[in-house]
Amino acid sequence: MTAGGDPGVPVVIQGGMGVGVSGWRLARAVARTGQLGVVSGVALDALLARRLQDGDPDGHVRRALAHFPDPTLVDRTLRRYFVPGGTDRTRPYRPVPRLALRSHRHGQELAMLGNFVEVFLAKEGHHGSVGVNYLEKVQMATPAAVYGAMLAGVDHVLMGAGLPTEIPGLLDTLAAHRPARLSVTVQAASAGHRSHVTVDPADLLRDIPAPVRRPRLLAIVSSAVLAAYLARDDTTRPDGFVVETPLAGGHSARPRGALRLTADGEPVYGPRDGVDPAKVAALGLPFWIAGGRCGPDHLAAARDAGATGVQVGTAFALCRESGLDPTLRRRMLARAAPGTLVVRNHAGVSPTGFPFKLVHLPGTAADDDVYADRPRHCDLGYLRTPYQRPDGRVGYRCPAEPVDDYLRKGGAVEDTVGSRCLCNGLVAAVGLGQRRPDGYREPPLLTLGQDLSFLAPLMGERDDYGAADVVDYLLGASPA
C-alpha cells in the first residue's frame with residue numbers, strides 16, 4: 001500500500017540507521033515491498049574502503065563500481081584498497097582521509113563512490129524507491145556524498161540532526177552537475193567569518209553525464225515549529241517531513257527548557273516535547289511520524305492525524321537483512337524477546353551533545369569497564385567539530401578524542417566525561433571495526449529505540465524475521 005495509490009509516496013519509511021545498519025540489503029528488501037527503503041549515507045567512504053580490504057568476497061562492491069560513470073576513478077580506488085582474498089585479519093585497516101574544510105580530492109572520490117555503491121545495490125533488481133539518510137551536523141561530508149547517491153539514481157534524501165536549510169538548493173545544483181557549496185558551522189567563529197565546503201563534478205569526473213533526476217528531500221525534525229521554519233520559504237522548503245519523537249533510536253532532540261535527568265541519567269521530556277500532527281499537516285506537505293511507531297495501530301493513528309504514514313527503524317535494525325553483525329543482532333533479539341534488553345537515553349555519551357540511545361549489552365562500548373579500557377583515538381573523525389583558533393585558522397576537535405588534545409584545543413573538560421567514540425563503535429557494530437597495531441580491537445557500540453513492544457506480536461512463535469515481515473505487520477491492520 002502506498003499513500004493515495006501514488007507509487008512515489010510510501011506509507012512506511014524504513015529509517016536510516018548508521019553506520020551501515022541500514023545497508024543496501026535492508027533498503028532493497030524494503031523497497032521490494034513497495035515501501036521506502038533507506039540506506040545510511042554516513043561513513044560510507046570508510047565502509048567501502050574496509051569492504052574492499054576484506055576482499056569483497058561476494059563481489060557486490062566491485063559489480064556496483066563497474067557501473068560508475070568514470071572507470072579511471074574506480075581503477076584508482078581499487079588499486080589503493082582492494083586486497084584479493086582479504087587482508088591479514090591481524091593488520092589494521094588502511095585509513096581514509098578525515099573530513100576537513102579543504103576537501104581532500106581522494107576523500108571526495110571515496111565518499112562519492114561509497115554512496116554510489118550503496119544506492120546502486122539497494123536499487124538493483126526492482127522498481128521500488130530508495131532513499132539515503134544523512135546527518136546535517138556532518139556538513140563537511142555532505143556535498144560529495146549526496147552527489148554519489150544522485151549518480152546512482154537515489155529517489156529520496158532524508159536529513160536530520162540539524163536543519164537542512166541549504167539542501168534543496170544543493171540538490172538542484174548537483175542534479176545539473178554544476179559546482180556546489182555548502183555552509184559549515186565553525187565554533188567560536190569571529191563576526192563575519194564564513195566557511196563552506198565545495199564539490200565540482202567537472203573536477204571529479206572525466207566526463208560529465210546527462211543531468212540526473214533531483215531526489216525528493218525529507219527533513220527530519222522534532223517539532224511542528226521546526227517544520228514551519230523550513231516550510232516558510234521556497235529556498236528552504238523540503239518535499240516533506242519525518243517528525244521524530246524522543247523514543248526513536250540513535251540521537252534525539254534535547255528536551256525544551258531546562259535539562260532535567262532521571263536517576264539513570266536520562267533526559268526528562270515533557271508536554272512541550274510532544275508532536276502536534278495538526279500543525280504539521282497545516283503546512284500542506286506530506287509527513288511521517290517516527291519514534292515508537294512500530295505497530296498497525298500506530299500507523300492507523302498517524303494517518304488519522306493527517307500523516308502520510310510512519311517511519312520505523314528499530315524493528316528493521318533487528319531483522320535478518322540488517323547490516324548489524326549477525327552475532328550482535330542475535331544477542332539483542334535473545335534479550336529483547338523476554339524484555340530483558342536495556343536501552344537507555346544518555347545525555348552525555350555522544351560527542352554531538354545530543355541525547356543518544358545506548359543498548360547495554362555486555363562486552364560492548366556501553367559497558368563502562370570496556371570503554372575505560374579503550375585507548376582514546378579519533379582516527380575516523382566524522383563528528384569532529386571545526387572551531388576557530390586564536391590565530392584565526394580553523395582546527396578540529398571532538399570530546400571523545402584524547403582529553404589532553406581536546407583541552408589543548410580550547411574544549412571544556414566536562415564535555416569529555418563519559419563521551420564515547422561513536423564513529424569507531426558504530427563501524428565495529430557492523431563487523432568492520434578497526435584493528436590496532438598492538439592487537440586491540442574496537443568494541444562495538446549499539447543503538448536502538450526504546451520501544452520494543454512490537455517484537456511479541458511481530459515474531460509470534462518465530463525466533464527470527466525479515467524486513468518484509470515488518471512491512472506486513474505494519475500494514476496488516478492499516479486502513480485500505
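The legends below describe close-up views of a predicted model.

**View A. Strand 10 pairs with strand 1 and with strand 9.** Strand 1 (residues 12–14) and strand 10 (residues 309–312) run parallel and are joined by 3 bridges, and strand 9 (residues 287–290) is likewise parallel to strand 10, with 3 bridges between them. Gln311 of strand 10 is the bridge partner of Ile13, and Gln311 is also the bridge partner of Ala290.

View B. At least two lining residues are supplied by each of helix 1 (24–31), helix 3 (60–65) and helix 13 (326–336). Sorted by class, the lining consists of 11 charged, 7 nonpolar and 6 polar residues.

**View C. A cis peptide bond between Gly18 and Val19.** The peptide bond that joins Gly18 to Val19 is cis, with omega at about 5°. Val19 belongs to the loop that lies between strand 1 and helix 1.

View D. Ala43, in the loop between strand 2 (37–40) and helix 2 (44–53), has a phi near 65°, a positive value in a residue other than glycine. Because its relative accessible area is 5%, below the 20% cut-off, Ala43 counts as buried. Asp56, which lies in the loop between helix 2 and helix 3, has a positive phi as well, near 45°, and is again a residue other than glycine. With a relative accessible area of 2%, Asp56 is buried.

**View E. Thr385 and the residues it touches.** Thr385 is part of strand 13 (residues 385–388), and its relative accessibility of 12% is under 20%, so Thr385 counts as buried. When residues up to four places away in sequence are left aside, Thr385 is in contact with Lys137, Gln187, Gly395, Tyr396 and Arg397.

**View F. Ala188 in the loop between strand 5 and strand 6.** Ala188 is found in the loop that runs between strand 5 (180–183) and strand 6 (196–199), and it counts as exposed because its relative accessibility, 61%, is over 50%. The C-alpha atom of Ala188 is separated by 33 Å from that of Gly291, and the two residues are 103 residues apart along the chain.

Note on methods. Residues are numbered from 1 along each chain as its sequence is written. This is a predicted model: local features need pLDDT of at least 70, side-chain atom pairs count only at pLDDT 80 or more; totals for chains, interfaces and linings use all residues. Side-chain values use heavy atoms; hydrogens and water are left out. Helices (H or I, at least four residues) and strands (E, at least two) are DSSP runs, numbered from the N terminus. Ala, Val, Leu, Ile, Met, Phe, Trp, Tyr, Cys and Pro count as nonpolar, Asp, Glu, Lys and Arg as charged, and the others, Gly among them, as polar. Buried means under 20% relative accessible area, exposed over 50%, partly exposed in between (1.4 Å probe, protein chains only). Contact means heavy atoms within 4.5 Å. Two strands pair if DSSP finds at least two bridges between them.
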